[in-house]
Amino acid sequence: MKPFLRQTILDVEESRIREVANAGMGRSDVLAFWFGESDEVTPQVVRQAAIDSINQGETFYAHNLGMPALREAVSTYMSDLHGTIGVERLAITSGGVNALMLAVQALVDAGDEVVAVTPVWPNLTAQALVMGAHLKCVSLTPLQGQWVLDMNVLLSSITSSTRLLIVNSPNNPTGWTLTRQEQEVLLAHCRQTGTWIVADEVYERLYYENDTSNGAAPSFLDVCAPDDRLVVVHSFSKSFLMTGWRLGWLVMPAAMTQAMGKLIEFNTSCASVFTQRAGIAALQHTAGITPQVLAHLKLCRNTLVPLLQALPGIELAPARGGMYAFFKLHGHPDSVATAKRLVLEAGLGLAPGEAFAPAAQGWLRWCFASKDLGRLVQGVDRLKAWL
Ligand SMILES: Cc1ncc(COP(=O)(O)O)c(C=O)c1O
């Protein structure tokens, strides 16, 4: 008899982050740093654009690939960062996670081999599994609190049988970020093997190093040709404080765009118009929003990391990008159990490392995107007292 649901779906693990959060959600005494979002509300100018749109009666379907005005605005924004990226390479999506799923739906058949660099936000690997992919994870290695890539191991894992490489840089949860030279090496290799790259670059503007000319993290868009087998995933969530809006975009080879429009029709049909109006306003005010978000996150990182490093048994290096402190807690090998105990016994909500890769067992992720720096200090005090 056929199973009740697709076995693939039954087999995909539920989020271990949710498992911990469910233990403490709704408890006002818990300081929650488990989800990957800032606690700061979306800027007023962006909210107002959505309100105006609704008040003007913009409550109808939009084009599958997004409103022309938003695609134009994204094209200008991306071209400023990475050289010309025309609208014919762009699709607007209902969030970064939707963009990732669309990319995988377009590229991966059941049984295809997909290589993913881990630890990584679990949605990326789960999406490939939902499509029935044969998933091969290549793990970064922890070295004094910092996760590093062994390029030879990654290259030898990508062969002519590999349909797709999934890589998230700057990385959630480790903060690891590919260098331009590593991107060039990976691209050259994937060109040879005919492997697609899905690059999740949603944290590109949340980058703390000063080694690129545009201030953003190194991007595959800077090293690839327009027709390379590359899809880059972006989101309004992180650099514009818009997690709840569900708005993102994809950059792809122009030859793929029409098919992507078809897929969007079957998934969500389009992002809502008032949300897209908010996206246009966000891009118009990038200069007034994103540098402030970055500066504040840097302050958060620089506040939290030394405090954690001063605690006994903690191994941690400052993230190069993203918004997470990812640390090993020696003497506490089961990260889900530890995270649950921290919720119940210390009122501190962190995400378990195990959610991101088996190799991250014993690690914990702390999202430092906190409007109030005092919350971070208070959280460390709770951890210290608990330890
Ligand atoms: C690595 C990564 N990619 C994509 C996303 C998706 O963001 P959203 O769907 O809110 O745009 C997230 C959110 O946490 C993320 O961490």
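**Labels and their rules**

Tutor: The backbone oxygen of V130 lies 2.7 Å from a polar atom of the side chain of R6. Before we use that, note that this is a predicted model, in which local features need pLDDT of at least 70 and side-chain atom pairs count only at pLDDT 80 or more, while totals for chains, interfaces and linings use all residues. Residues are numbered from 1 along each chain as its sequence is written, and side-chain values use heavy atoms, with hydrogens and water left out.

Student: What makes the pair of R6 and V130 a polar contact?
Tutor: A polar contact is a pair of N or O atoms within 3.5 Å, where within protein one must be able to donate a hydrogen and the other to accept it, and residues adjacent in sequence count only if both atoms are side-chain atoms. The distance from the backbone oxygen of V130 to the side chain of R6 is 2.7 Å, so the pair meets the distance limit of 3.5 Å.

Student: Which residues does R6 touch, if residues up to four places away in sequence are not counted?
Tutor: R6 touches V130, M131 and G132, where contact means heavy atoms within 4.5 Å. R6 itself sits in the segment before helix 1 (7–11), helices being DSSP runs of H or I with at least four residues and strands runs of E with at least two, numbered from the N terminus.

Student: Why is R6 called partly exposed?
Tutor: Buried means under 20% relative accessible area, exposed means over 50%, and partly exposed lies in between (1.4 Å probe, protein chains only). R6 has a relative accessible area of 46%, so R6 is partly exposed. L10, which is in helix 1, has 45% and is therefore partly exposed as well.

Student: Why is N172 called buried?
Tutor: N172 has 3% relative accessibility and therefore counts as buried. N172 is found in the loop between strand 7 (162–168) and helix 8 (180–193), and its contacts beyond four places in sequence include P119, W121, Y203 and F356. The side chain of N172 also makes a polar contact with the side chain of Y324, at 3.5 Å.

Student: How do you know that A116 is buried?
Tutor: The relative accessible area of A116 is 1%, so A116 is buried. A116 is in strand 3, and leaving aside neighbours within four places in sequence, A116 is in contact with T125, L135, K136, C137, V138 and I166. T125 is one of the buried residues of helix 6 (residues 122–130), together with P122, L124, Q127 and A128. What covers the buried residues of helix 6 includes helix 2, helix 5 (96–107) and strand 3 (113–118).

Student: What makes a group of residues a nonpolar core?
Tutor: A nonpolar core is a set of buried Ala, Val, Leu, Ile, Met, Phe, Trp, Tyr and Cys residues joined through side-chain atoms within 4.5 Å. The largest one here has 125 residues, of which F220, L308, W366 and L383 touch the most other members. The largest share of this core, seven residues, comes from helix 11 (residues 286–309). Leaving aside neighbours within four places in sequence, L383 is in contact with L308, L311, I314, F327, L342, L348 and W366.
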